[in-house]
Amino acid sequence: MAGRPHTHLAFRLSGSLAGMDVVHAVVAAGHPVVRSVIDIACREAGVTVLAKVETASAAIEACRSRRPELLVLDLELPDADGFRVLSELDDVDRPAAVLVLSDHAEGDLVLRALRLGARGYVTKAEGLRDLSSTITRVLAGERVIAPGMEQDAVLALGRFARRAREGAEVAAHLTSREHQVLELLSDGHTMRQIATRLGISPRTVETHVAKVYRKLGVRTRVQAVSRAATLGLVEL
Amino acid sequence: MSGSSVNETKATRAIRRLGVVVVDPFPVVRAGLATTIEASPGLEVLAQASSAEEAIAVVGGVRRTRVVVLVAMGLAGDKDSYWLIRTLRERFPGYAILGLGANADPHVVSRALFVGADGFVDKNIELDEFLAAIKSAGNEEMVIAGPAAASVGKIAEGIERRRSVGLRLTRREREVLAVAAEGLTAREIAERLGVRERTVTTHLARIYGKLGVGNRLAALRMAARSGLVSIGPAE
């Protein structure tokens, strides 16, 4: 390939597919040009492409029906983000090797991809030039993360751990009733509606709300909801 | 070692080395770590401890703003390494805490991070990497050094699992579960916690429901995997 060699941090992992006769791949990318670049890179790496798809739902379907060993997945798909593909596939249907391509070099995204079992994460801006060698390395069992993003993922892990800890701590201090009140608040119910729902007086609801605010360390409903969502106490 | 601050000038403070507290149950390992750290420019060992309680005491005596506490994961007993990390995190929120292990399992790393560690260093790395990791931790950076760095995704998954179990149980339910882990009957748990036996069985039933399990053993196994309770010797 013409491009300048591109250094990646790599770690040797078990699960090498290098010894296999033929490796089959599904390619999922929103843009036709990106799809054909991936297709060419796969062929250069000696990989047989079973299907080229444009959407997340088609990618899920293709992985389930064709059972490829490799999935090259663009995060930017028209119907849903690529993470959806990985989270919907169970362990049996998820290809052994997953290489993620993205427009964004953000630690949180890399961490999320790794959590969902991806073995490689490269950006489209940098990673498309030597994609075929990246594919070869991922198939050989290496973890390939674009330069600089490894440390970003570790930093994201630190933030994630802190939020998880704080969330569990706050949750442990909330009573079941306070938790219910918090969930109803997040759903946008008024104090009066919450009172009716729970069959208690509005005055009691106010007391619960005040306690929830104090435990979350906030003063307003918006702050409470956003803090609770950050800590994973409620889903928005 | 904490030095009086009365006649210190700003200049001497500015060049002060980063203080490290070393906690490891094995005297030889501790001495080796301390010597290595002392030999590194920019680092100084403020204190050493061989147990969790001793560690709390010596860290409490340190008068510094920036401190890195190295906690070996091998502390056993009631007050194990996880207990120590959690307690240090609560009492000294400004200090950096680094877990220290040997070929650590991602479970160990995620549990250490979940209870409050700012990073994890494996003993199985090069010396300069080890020292660099301590310095990064002193600069409030998250570090994962050594083999565990290849398992960032798995570590995050482990944290997520702990979080999801932790979010589901109230503090009282966790207490009940922790006592149940000692193998006590409902009556004995009730006596211990000063409540009625009926209350304990209600708590247990609610815990099983929340964790989606059918009996106490399954609940304990799940809680142990999530780091809520300890069963048997320390990891």
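In this predicted model, helix α1 (residues 32-44) of chain A and helix α6 (residues 131-139) of chain A have axes that come within 8 Å and cross at roughly 55°. Axes here are lines fitted to C-alpha atoms, for helices over the stretch in contact, with angles running from 0 to 180 degrees between N-to-C directions. The crossing of α1(A) past α6(A) is right-handed, a term for the near helix being turned clockwise from the far one by less than a right angle, with anticlockwise giving left-handed. Helices (H or I, at least four residues) and strands (E, at least two) are DSSP runs, numbered from the N terminus.

Which residues of α1(A) and α6(A) meet? From α1(A) come A:V37, A:I38, A:A41, A:C42 and A:E44, and from α6(A) come A:L131, A:S132 and A:I135; residues are in contact if their C-beta atoms, placed from the backbone, lie within 7 Å. By class, this contact has 6 nonpolar, 1 polar and 1 charged residues. Ala, Val, Leu, Ile, Met, Phe, Trp, Tyr, Cys and Pro count as nonpolar, Asp, Glu, Lys and Arg as charged, and the others, Gly among them, as polar.

Helix α4(A) is largely enclosed by the rest of the structure, because 8 of its 9 residues are buried. A residue is buried if 20 or more other C-beta atoms lie within 10 Å of its own, exposed if 12 or fewer, and partly exposed in between. Among the buried residues of α4(A) are A:L109, A:R112 and A:R115. The buried residues of this helix pack against α3 (82-88), β5 (97-102), β6 (120-123), β7 (142-145) and α7 of chain A, together with α7 (152-168) of chain B. Just after α4(A), A:G117 takes a positive phi of about 95°.

Turning to the two chains together, their contact takes 24 residues from chain A and 22 residues from chain B. On the chain A side, α4 (107-115) and α7 (149-173) each supply at least two residues, and α7(A) gives the largest share, 14 residues. By class, the side of chain A that touches chain B has 15 nonpolar, 6 polar and 3 charged residues.

Two loop residues other than glycine have positive phi values. A:R67, with phi near 50°, lies between α2 (56-66) and β4 (70-74) of chain A and is partly exposed because 13 other C-beta atoms lie within 10 Å. B:E140, with phi near 60°, is found between α6 (127-138) and β6 (143-145) of chain B and is exposed, with 11 such atoms within 10 Å.

Residues are numbered from 1 along each chain as its sequence is written, and chains are lettered from A and ligands numbered from 1 in the order in which they are written. As this is a predicted model, local features need pLDDT of at least 70 and side-chain atom pairs count only at pLDDT 80 or more, while totals for chains, interfaces and linings use all residues.
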